[in-house]
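Me: Here is a two-chain entry. I want to go through the labels put on it and ask what each one rests on.

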Amino acid sequence: MILEMRDICKDYAMGKNVTHVLKNVDLDVEQGEYLAIMGPSGSGKTTLMNLVGCLDTPTSGSYNLGDRDITKLTHRQLAEVRNKEIGFVFQSFNLLPKLTALDNVALPLLYGGVRKSERRRRAAEALETVGLSDRMDYRPDQLSGGQCQRVAIARAIVGKPKMLLADEPTGALDSASGEQVMELFARLHDSGATILMITHDRSIADHADHIRFIRDGVLSGGAGNE
Amino acid sequence: MFENISLAFQGIWSHKLRSFLTMLGIIIGIAAIITIVSTITGINEQIKTNLIGSGTNVVNVTINADGYPADFSYGSIPQGIGTISEELRASLDELPSVLETSLYRKRDWADEVYFKNNSFNGAIYGVDSHYFSVAGYDVQYGRGFTETDFERARKVAMVDDTAASGLFAGENPVGQTIEFRGEPFTIIGIVSERVENSPVINSVDDYYMYANTSGGTIFIPINCWDIVYRYDEPQSVAVHAEGTDEMTTAGTNVADALKESGVITNDYFSYEADDLLQQAAELQSLSESANNQLIWIAGISLLVGGIGVMNIMLVSVTERTREIGLKIAIGARQSRIMWQFLTEAAVLTSLGGVIGVGGGIGLAYMLSNVMGTPVGISIPACVVAVVFSMVIGIVFGLVPAVKASKLNPIEALRRE
């Protein structure tokens, strides 16, 4: 088991009222699994995503990623987990506009303290995996949306993380580019990557091996259910 | 670190106008300070040069009576003042900071010295064989004093340029005979000062002082002094220091050695160094204190500039919220985000400092052309100015940088 969440709750205080955004969520992800979590907006799926991605900490519950208890880590250790164990793919790509595709991809390695020549080599390798070897020196404004998302995926896999975390990865793309991105995910999955995807779109969720649904902060179906 | 700096330069370059306007406060502040400091340094050097004489590095050790310079030209010589032997003088050469010493006697106002019908109204120096090298004179024409001149107390004399042209009215002085209180002295040579050191005349008093010494100087061997004046007149010591900054030490060392030697047994008198350096420092501090206030006023401009930098950096943090959010999401530590913004602020203000130093030097030279103030560029001041602007960047960049590093990545990523 790569990821194991038990009894996770997340509350937000809004003035005097406390909103319970996540209610007793259990989530397990196995090595090599391709899981989609579906839910409408406001269902708490983005909050769950942030908790899984170690950008936020739960109000209660336990969360183990690999052999680490995430709820006990410091800021600095959380940064290291985000850097080494998780690869983020965002809806809006979030590439740095002034850097080339290669430099964008190499960025997590820079934060991980990898040497420059090694960074360039591994970034070029990741770009090759996503089929953009010929676009290394292009900046994001010279690339199409689909190409930008593939650069972002290259950035997510460059550090060889335990898990890819994709938040509406096709949300900003036309259907053709979206399809290409989904094919890329399928290919990464075939080569052994663990993928957790969050979406509101059934046709996208259908690409995954398993689908789980979230509504009003409750994740339906126990661990292992389809 | 290096990558942060190069990224910072890229950022500055991509917002040229904004960066320049941000730097302007720093540029103006640093330029103003460098202009003021350059002018102060220039004035200080001018004071030092005028008062001490550039490059001669000579300090005179003379006898003081109760703290004031004593004059033995007239009246009887007091009890308890002996003469300095050649052995004692040679020992003074060995003192720290001292290059060479020389004994002399002098009359500021020579009387009864004539060439034909012209009377001489300059100074008379009785000097030993070291004097010309100590005081920085070269023999221009004719010959200098020889061993034999001293041993046999030959009645020979040398004149400086001024006396040569003033007293001899166009005739070649060498070989001429002057009448010195009834004694004939033969002129054997002309000396001139190695370093031309004409004082700047700022007031009527200065003018009188300068005009009254314009008669020039006549030198005779110190052994001949008693032919025209008296036996065993007190001597003064000219001390050639190893450097301008060591003049005070050299003078004090010689004066102390003479006090210990027991040449003077009368408590009322003592050998003291004419501390020109001290007088120069007093004049310099006078000009500095006025200008230091100007530096404080210019410092306010730096404060305003620093606040401007903080303001723009805060705007920049807001603009780049998503970028910061992404960096945190992919594993950048808080400290790295903080350093990125601190570096950017420091590079921005250092660049402003460098431009300011350049502008300040330019302005100082422009002022000196228009108003005739001297300019002295102080390298340490320039370095301090650039380092100080960097510190301003770090200090005023701290608040925006900490703000950036403390951003909540969830909200930062959501921001459009």
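This is a predicted model: local features need pLDDT of at least 70, side-chain atom pairs count only at pLDDT 80 or more; totals for chains, interfaces and linings use all residues.

Me: What lies between β9(B) and β10(B)?
Reply: Two residues separate them, and the two strands form a hairpin. In the turn, B:R181 has a positive phi of about 45 degrees.

Me: Which other strands pair with β10(B), and how do you know that they do?
Reply: β7 (residues 137-142) of chain B is joined to β10 (residues 183-193) of chain B over five bridges, in the antiparallel sense. In that pairing B:Y137 stands opposite B:E193. β8 (residues 156-160) of chain B also has five bridges to β10(B), but runs parallel to it. There the partner of B:V156 is B:T186. With a threshold of at least two bridges, both therefore count as pairs.

Me: Why are β6 and β10 of chain A called edge strands?
Reply: The open sheet has six strands in the order β6-β7-β8-β3-β9-β10 (chain A), with mixed pairing. β6 (86-89) and β10 (218-219) each have a single partner strand, so one side of each has no neighbour in the sheet. Further in, β3 (residues 34-38) of chain A pairs with β8(A) in the parallel sense over five bridges. A:L35 has A:L196 as its bridge partner there.

Me: How do you know that the length of α6(A) fits a helix?
Reply: The 16 residues of α6 (residues 175-190) of chain A should span 22 Å at 1.5 Å a residue, and the end C-alpha atoms are 22 Å apart, so the two agree. A:G192, which follows α6(A), has a positive phi near 110 degrees.

Me: Which residues touch the most other members of the largest nonpolar core?
Reply: That core has 115 residues, and A:V105, A:A154, A:L164 and A:L165 touch the most other members. Helix α2 (residues 16-52) of chain B gives the most to this core, with 13 residues. Leaving out residues up to four places away in sequence, A:L164 touches several residues, including A:V89, A:I157, A:L188 and A:I195. Another core, of 56 residues, lies apart from it, with B:I81, B:A250, B:A255 and B:A257 among them.

Me: How many residues of each chain are in contact with the other?
Reply: 19 residues of chain A are in contact with 14 residues of chain B. On the side of chain A that touches chain B, α2 (75-84) and α3 (101-111) each supply at least two residues. The largest share, six residues, comes from α2(A). By class, this side of chain A has eight nonpolar, six polar and five charged residues.

How values were computed
Residues are numbered from 1 along each chain as its sequence is written. Chains are lettered from A and ligands numbered from 1 in the order in which they are written. Helices (H or I, at least four residues) and strands (E, at least two) are DSSP runs, numbered from the N terminus. The expected span of a helix is 1.5 Å times one less than its number of residues. Two residues are in contact if their C-beta atoms, placed from the backbone, lie within 7 Å. Ala, Val, Leu, Ile, Met, Phe, Trp, Tyr, Cys and Pro count as nonpolar, Asp, Glu, Lys and Arg as charged, and the others, Gly among them, as polar. A nonpolar core is a set of buried Ala, Val, Leu, Ile, Met, Phe, Trp, Tyr and Cys residues joined through C-beta atoms within 7 Å. A residue is buried if 20 or more other C-beta atoms lie within 10 Å of its own, exposed if 12 or fewer, and partly exposed in between; C-beta atoms are placed from the backbone.
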